Amino acid sequence: MSLRWSLAVLHLVALGIGLGAVWARARLLAGPLDRAGVSRALAADAWWGVAALLWIGTGLWRLLAGTEKATAYYLDNHLFWGKMALLGCVLLLELWPMATLVGWRIQLARDEAPDTTRAGTLARISFAQAGLVLLMVVAATGMARGAGAP
């Protein structure tokens with residue numbers, strides 16, 4: 001398997017993991033949150049983080065190393081910039097959930113009960129992020145077919 005193919009596979013695997021993880025996190029945060037529910041939500045959140053690192057890492061590699069198309073192809077493509085704007089929204093939306101869930105992890109490690117009163121809001125943010133990821137897929141499939149290029 002070539003590097004090009006391997007990076008594409010990892011990029012798409014990260015998509016599957018990430019979309020599943022953020023959706024699971026949303027569903028778990030929207031439900032009753034006992035200690036076990038919080039732990040499951042934090043596990044889904046960890047997978048979301050792993051997927052983000054893999055997704056962004058392989059995406060940057062593919063962009064900067066020119067393993068798919070020349071870097072200029074992406075930088076001149078309107079759908080690419082739309083996809084990056086969507087990614088920026090996903091990352092901005094993640095700031096509050098990330099900080100909150102890190103706090104929950106710390107509280108659980110101290111054998112304290114985390115304050116889950118804002119879990120519903122975190123769930124709504126996660127559902128919104130899942131929707132944005134789907135829009136990124138629409139942009140990516142368009143780019144793969146030459147749309148958005150000058």
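Biologist: What span should the 28 residues of H1 have at 1.5 Å a residue, and how far apart are its end C-alpha atoms?

Modeller: This is a predicted model, in which local features need pLDDT of at least 70, side-chain atom pairs count only at pLDDT 80 or more, and totals for chains, interfaces and linings use all residues. Residues are numbered from 1 along each chain as its sequence is written, and side-chain values use heavy atoms, with hydrogens and water left out. The expected span of a helix is 1.5 Å times one less than its number of residues, so H1 should span 40 Å, and this agrees with the distance between its end C-alpha atoms, 40 Å.

Biologist: How many helices and strands does the chain have?

Modeller: Helices (H or I, at least four residues) and strands (E, at least two) are DSSP runs, numbered from the N terminus. Read along the sequence, the pattern is α-α-α-α-α. The count for the chain is therefore five helices and zero strands.

Biologist: Which elements are included in what covers the buried residues of H1?

Modeller: Buried means under 20% relative accessible area, exposed means over 50%, and partly exposed lies in between (1.4 Å probe, protein chains only). The buried residues of H1 include Leu7, His11, Leu15 and Arg25. Their cover includes H2, H4 and H5.

Biologist: Is arginine 62 buried or exposed?

Modeller: Arginine 62 lies in helix H2. Not counting residues up to four places away in sequence, arginine 62 touches Leu7, Ala8, His11, Thr67 and Glu68, where contact means heavy atoms within 4.5 Å. Because its relative accessible area is 16%, arginine 62 counts as buried.

Biologist: Which residues of the largest nonpolar core touch the most other members?

Modeller: A nonpolar core is a set of buried Ala, Val, Leu, Ile, Met, Phe, Trp, Tyr and Cys residues joined through side-chain atoms within 4.5 Å. In soluble globular proteins, nonpolar side chains tend to be buried together. The largest core here has 13 residues, and those touching the most other members are Trp48, Trp55, Val133 and Met136.

Biologist: What is the relative accessible area of valine 133?

Modeller: Valine 133 has its place in helix H5. Leaving aside neighbours within four places in sequence, valine 133 is in contact with Leu15, Leu19, Trp48 and Trp55. Valine 133 is buried, and its relative accessible area is 0%.

Biologist: How far apart in space are valine 133 and valine 90, C-alpha to C-alpha?

Modeller: In sequence, valine 133 and valine 90 are 43 residues apart. In space, their C-alpha to C-alpha distance is 7.7 Å.

Biologist: Where is methionine 98, and is it buried, exposed or partly exposed?

Modeller: Methionine 98 has its place in helix H4 (residues 78-109). Because its relative accessible area is 42%, methionine 98 is partly exposed.

Biologist: What percentage of the 150 residues of the chain count as buried?

Modeller: Along its principal axes, the C-alpha trace spans about 55 × 30 × 20 Å. Of the 150 residues of the chain, the part that counts as buried is 35%.
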